[in-house]
Amino acid sequence: MRLENEAPATTVERTIENILTNNGIKASDIQFRDDNRYLRIGYWEPLSQDILNQLGDLVIREQSHYDDDCGWLFHYDVRQ
């Protein structure tokens, strides 16, 4: 569930959300976070290569790191 400040705030973010919802991801699982606005899906879930291809240059890079309690966590830097 996303907070109000995690909803899309720009045209780029709304376009990303449209692509993701068209691929079956619930809007409530799509979160744009922090001042530099990165994209998080659900609880740090990865996106498929097919979806990343559809997003094209809207997503700048995939970031991941390993957490001892949760495993791999993914988020995506988005074009501003």
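## Exercises on a predicted α/β model

In this predicted model, Gln31 stands opposite Arg40 in E2.

**Exercise 1. In which sense do strands E1 and E2 pair, and over how many bridges?**

Solution. 
- Locate the strands. E1 covers residues 30-33, and E2 covers residues 38-41.
- Read the sense. E1 and E2 pair in the antiparallel sense.
- Count the bridges. There are four.
- Look at the connection. E1 and E2 form a hairpin with four residues between them. Asp34 lies in the turn and has a positive phi of about 70°.

**Exercise 2. Which residue of E4 stands opposite Glu62?**

Solution. 
- Set the limits. E3 spans 59-67, and E4 spans residues 71-78.
- Check the direction. E3 and E4 run antiparallel, joined by eight bridges.
- Read across. Tyr76 in E4 stands opposite Glu62.

**Exercise 3. What is the strand order of the sheet, and why is one side of E1 and of E3 left without a neighbour?**

Solution. 
- Write the order. The four strands run E1-E2-E4-E3 in an open sheet. The pairing is antiparallel.
- Find the edges. E1 and E3 stand there, each with a single partner strand, so one side of each has no neighbour in the sheet.
- On average, neighbouring strands are turned by 30° against each other, direction ignored.
- Place the helix. H1 (residues 11-22) packs on the sheet and touches E1, E2 and E4. The direction of H1 makes about 155° with that of E1.
- Keep the faces in mind. Side chains of a regular strand alternate between the two faces of the sheet.

**Exercise 4. In what order do the elements run from the N terminus, and how compact is the chain?**

Solution. 
- List the elements. The protein chain has two helices and four strands. Their order from the N terminus is α-β-β-α-β-β.
- Compare sizes. The radius of gyration is 12 Å, close to the 12 Å that the globule rule gives for 80 residues, so the chain is as compact as a globular protein of that length.
- Box the chain. Along the principal axes, the C-alpha atoms fill roughly 35 × 30 × 25 Å.

**Exercise 5. What share of the 80 residues counts as buried?**

Solution. 
- Apply the cut-off. Buried means under 20% relative accessible area.
- Read the share. By that criterion, 40% of the 80 residues are buried.
- The accessible surface comes to about 5,100 Å². Carbon and sulfur atoms hold 45% of that surface.
- Finish with contacts. Among those between residues at least 6 apart in sequence, 47% join residues at least 24 apart.

Note on methods
Residues numbered from 1 in each chain as written. Heavy atoms only, no water. Pairing = 2+ DSSP bridges. Axes fitted to C-alpha atoms, helices over the stretch in contact; angles between N-to-C directions. Contact = heavy atoms within 4.5 Å. Rg over C-alpha atoms; globule rule 2.2 N^0.38 Å. Buried < 20%, exposed > 50% of the residue type's maximum accessible area, 1.4 Å probe, protein only. Areas by Shrake-Rupley, 256 points an atom, 1.4 Å probe, with all protein chains shown as cover.
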